[in-house]
Amino acid sequence: MVVYTQEHVYQHPWDRVTAAAWRKFTDPASRTALSHVADVHTLQRRVDTDAGRLHAARSITVRSPPLPFILRRLLPAAAASPSGAAICHCVETSVVDAPRRAMDIVVRNVSLRGIIEVEERSTFRPHPDRPDDWTQFRQETTIRCRPLAKLAAVAEKVETRCAERFLQNSAKGREVVERICRYLEAEAAGAAPSAV
């Protein structure tokens with residue numbers, strides 16, 4: 001199993017960063033940077049007016065990078081492609097607690113779980129040193145290659161390769177959120193550049 005944590009400080013207020021995070025997958029300008037994301041649909045959205053919380057669930061379909069031969073042999077035919085990539089369906093659950101200025105997101109794959117399990121937990125909070133100006137982002141990812149668990153060396157290589165790709169995609173996602181934050185900042189100042 002591979003577990004890693006990433007942290008990033010957005011030099012933008014919490015409300016702007018969380019608004020940008022919501023737009024990340026639907027922003028037309030993000031399609032190139034997030035080319036691994038094939039589809040996103042909102043499954044459920046509910047507002048708890050008493051607590052001031054938004055609860056949401058989205059399905060996210062992603063394309064994997066080419067998989068090692070040993071994993072391709074384990075894939076169901078519907079999930080495999082001639083290039084060796086796989087289509088994976090994930091569910092993202094989010095809770096936005098506006099009064100506390102906290103957003104928590106959990107993403108888990110729901111397909112290919114017999115091969116690999118991935119869980120990504122992200123939090124967005126006001127930065128402790130500059131709570132009105134900056135946002136602290138923290139992401140913890142766990143990757144576990146199930147069928148190869150008994151072959152520790154092989155499982156570790158597969159999990160490490162997956163982690164490397166997830167780290168690259170996370171960096172792209174942060175760049176997209178930063179770009180949308182700059183757009184929202186310009187829009188608020190009345191000088192928005194090209195549309196998001």
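Me: Which element gives the largest share of the lining of the largest pocket?
Reply: In this predicted model, the largest pocket is lined by 50 residues. The elements that give two or more residues to this lining are α1, β3, β4, β5, β6, β7 and α3. The largest share, 12 residues, comes from α3.

Me: How many residues of the lining of the largest pocket are nonpolar?
Reply: The space in this pocket is about 1000 Å³, and H36, V62, E120, F166 and N169 are the lining residues nearest its centre. By class, 10 lining residues are polar and 10 are charged, while the nonpolar ones number 30.

Me: How many charged residues does the lining of the second largest pocket have?
Reply: About 190 Å³ of space lies in the second largest pocket. Its lining includes K24, D27, R31 and D39, and aspartate, lysine and arginine count as charged. Beside 5 nonpolar and 3 polar residues, the charged count is therefore 4.

Me: Which element supplies the largest share of the largest nonpolar core?
Reply: This core has 35 residues. The largest share, 9 residues, comes from α3.

Me: Which residues have the most contacts inside the largest nonpolar core?
Reply: Leaving out residues up to four places away in sequence, I143 touches residues including M1, V2, Y4, I116, V118, C162, A163 and F166. Within the core, the residues with the most contacts are M103, F124 and I143.

Definitions and conventions. Residues numbered from 1 in each chain as written. Predicted model: local features only at pLDDT ≥ 70, side-chain atom pairs only at ≥ 80, totals over all residues. Heavy atoms only, no water. 1 Å grid on protein atoms, 1.4 Å probe; cavity = no way out; pocket = protein on both sides within 12 Å on 5 of 7 lines; lining within 4 Å. Points joined across faces, edges and corners; volume = space filled by probe spheres on them. Helix = DSSP H or I, 4+ residues; strand = E, 2+ residues; numbered from the N terminus. Core = buried A, V, L, I, M, F, W, Y, C linked by side-chain atoms within 4.5 Å. Buried < 20%, exposed > 50% of the residue type's maximum accessible area, 1.4 Å probe, protein only. Contact = heavy atoms within 4.5 Å.
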